[in-house]
Amino acid sequence: MDVMDISDGEDDEIFSDSDTWIYCDEDIQPLDEDINENNWRFVFQETLNNIRENKLDDGAQPLIFDGTCKIRIKKFPNAPFTFPLSNALCSRLISEHGTPMALANRYDFCGLKVPNTGWKVNPENFDFPIPLSAAIRSYTFEQLHLNTPDLSEHFDLNLHKLFIFGPCTHSKIYNFDDKLFVYLATVLVFLPSHYTGGNYRFIDDNDDNEDLHRHFFNQQELDNKSKPYILIVPPDCQHEIQPLEKGFKLLLVYHLVSNTNSIQQLISLLSKPKNHSQTMENIFLSQRLQRIFTYWETNLDKMPTKLVIPIQHSLDYSSYFSILFRDRYRTIIEILTRAIQQFSSFLVYSATLQHEAPFGDRTDSRLVVHSLTMLNTVNQIALRFDSDHERTIVPNEVLGELHMYIDSFEQAGGRQQVLSNGITVFRHYSKFQVLLIIPLVHQWDLLLDDHAFACHHLSYMLSLPTNALDSLSLNLLSCILREKTASSNLLFGQIIHYLIILRTRLGLTPNVIQLIKLLFRHKQFQDELFSNEKLFHWLNRLVASVESWSMFAMEFLELFRKVINSSMPTKLNEVIQFLLQLSNAVLRALFINTLLRTIFKRRTLPRHVLLSTLCSILHLLIVDGSYSLDCQLSLAYNIIKRVRKTSIDGEIIEKCFKIHLIPMLINIYRDLKIKGKQSHSVIPLSAAFILIYEYCLNALNYYCSSNSLSSSPLNVVSINEALLICPCASCTRLQMFLVDSKTSTLILGV
């Protein structure tokens, strides 16, 4: 929720953090409109954009402490020396304890070697008064907001070295950090000194042209030259000392270190409520986010499965820099975790976002998150992952300007990497820290880059003797069916088997009903509905396990209508087999009626319907037996008329009988025999079957007789055609007739 502006338009008064701001309901209520599926992303992004960016003081600041700035040098007289030090003392300190510094710019732009006039003194050779060291630590922890007891115990400020710079006519560039250690920040203390020139410039790799006040420091222009000045900068950067005309410049360097082993541990520390800053602005921003999470909690189907929020700037080379030096990302962690505390149905993870592409094919790239670390706790079972676990992220799950991070990935180098599944990918060097928010019911989505792994979890949970994990199993199955990014194919026979188990254990609950509807809408399930014969068995078992299909009739009918529209006419035979194997008579009749309406378009046998289609429909109607005899006979008569009108006498056997009519009769006869065996009864042949059979018999006798004009034998193109006939005695005789019609006589009893 936005902070109310209590200043007048004419008054430019500036209020400090200690001022008391008064709010009332009338001022706060109109700031936020109702959250819905169209504006939640805008409200979320605007809330984060309202966070101020920089929290450090402008430039180097005077270090205030009790006492004077002194140094005690070992092997020198015991009395401490007060700053500024004399040139003679600086020269003696260099000669007895100093070692040359390493220059980053050994040669100038003309190719001349730059003389090195910088020395470093190790901390074991000197010490400072306790008030000075305490003031440096206090200022650093206050500026970086690490001064809470629970945070400060995880960080420490180590004295690195004392640097002394002598006269030189060249600008020199140094790196004050050791490459062997990981530092979170570098603290520079400019000690009072007698010198001319020697201005300091910080070379920031994260320069965004807005923080110039922290990049340049001229100690000679200050009014009070007797006090030390302190400046906090990011680590592992370069520092420039401009030409120094005379005297010595002394610089004290500290490093901020942490006993945490990774950035994830640091983010976990910052996410704890006791480490949050209790500012009114942050509290109102958290309340604004709570309204979004409230909408998300009650409208899961209208929101993304998960949400990824960057907590590192796209131009920052280090995630530590974004967290410690940009107040925006530290505040994002605080207000998000504060808002999530009010809900027990969300999980928050810190993660690393990276970009990869299959080796040799950069176009098929993807975004992945890994190193997931849970930041909040819930009273239910929650998943925790090892650092190698990965999950693919789709663009609409990222909040913010994703293109900026994609550009950073593409500009960075990369290397080949072999994943745990054996796939070789090209992974970019750049990594960005993010927060991943996911509803508790969708937590299984984080497993779905490997469907086999997810199905293994589901199978294990369902195999346990207790029903305590049934709800979690239902959530996992829902996530599997909702997944759209995984490349592995689902085994829908196995999925339906799991669904039947949950239906038996939980009953026909609203969640189970929603899961069945979700199954019907799955793209791969629709593609395999007619082609996967193993799916027929499990689908029949699912139909049999549900007492009333009235609540699914519309979804199932819409599924069937959508699939046949995309399958006709190439998969008509598969559709026929699917309908004949469907065990539920009501659904089968409904689907047959839908199929007929789709084919005939409410017209009486239009000419554009193929002969093969008419034969397949007659096959379906005769074997199904639910349609009237008049309907079957009408279709049979139209098939005979179509054959007579569209076929030449010499081609009727080759193009009609052999390809369409005789295979149809054989398939009908075979399916009726199988149906009779399954029902333990004798199913009489339909009059429509006898009509087509007699027509074919008479035509074959006419065209194959010796008196016929057409005496060419009716040969089978390949033996595979003959193998399609069932092995009964009647079909064997028909097979022999088809192979050689001249030497065989076809006598089949009706």
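**Briefing: cores, strands and backbone features**

Leaving aside its neighbours within four places in sequence, F657 is in contact (heavy atoms within 4.5 Å) with V643, I652, I662, P663, Y695, C696, A699 and L700. The model is predicted, so local features need pLDDT of at least 70 and side-chain atom pairs count only at pLDDT 80 or more, while totals for chains, interfaces and linings use all residues. Residues are numbered from 1 along each chain as its sequence is written, and side-chain values use heavy atoms, with hydrogens and water left out.

**Nonpolar cores**

- A nonpolar core is a set of buried Ala, Val, Leu, Ile, Met, Phe, Trp, Tyr and Cys residues joined through side-chain atoms within 4.5 Å. Buried means under 20% relative accessible area, exposed over 50%, and partly exposed in between, with a 1.4 Å probe and protein chains only.
- The largest such core holds 120 residues, and Y349, F525, L595 and F657 have the most contacts inside it.
- Helix α22 (residues 652-679) gives the most to this core, 11 residues. Helices (H or I, at least four residues) and strands (E, at least two) are DSSP runs, numbered from the N terminus.
- This core lies between domain 2 (280-384 + 421-439) and domain 3 (606-705), because both give residues to it. The domain bounds come from an automatic or database domain assignment.
- A second, separate core has 79 residues, including L93, L146, L184 and L399.
- In soluble globular proteins, nonpolar side chains tend to be buried together.

**Cysteines**

- Zero disulfides (pairs of cysteine sulfur atoms within 2.5 Å) are found in a search of the whole structure.
- C90 is buried at 2% relative accessibility, and C168 is buried at 7%.

**An open sheet**

- Four strands form an open sheet in the order β8-β14-β11-β12, with antiparallel pairing. Two strands pair if DSSP finds at least two bridges between them.
- The edge strands, β8 (172-174) and β12 (216-217), each pair on one side only.
- Strands β11 (residues 200-203) and β14 (residues 238-241) are joined by four bridges, and I203 stands opposite Q238 in β14.

**Backbone features**

- The peptide bond from F83 to P84 is cis, with omega near 5 degrees. P84 is in the loop between β3 (81-82) and α3 (87-97).
- S371, in strand β19 (residues 366-374), has phi near 55 degrees, a positive value in a residue other than glycine. S371 is buried, with a relative accessible area of 18%.
- H680 also has a positive phi, near 55 degrees. H680 lies in the loop between α22 and α23 (687-704) and is exposed at 75% relative accessibility.
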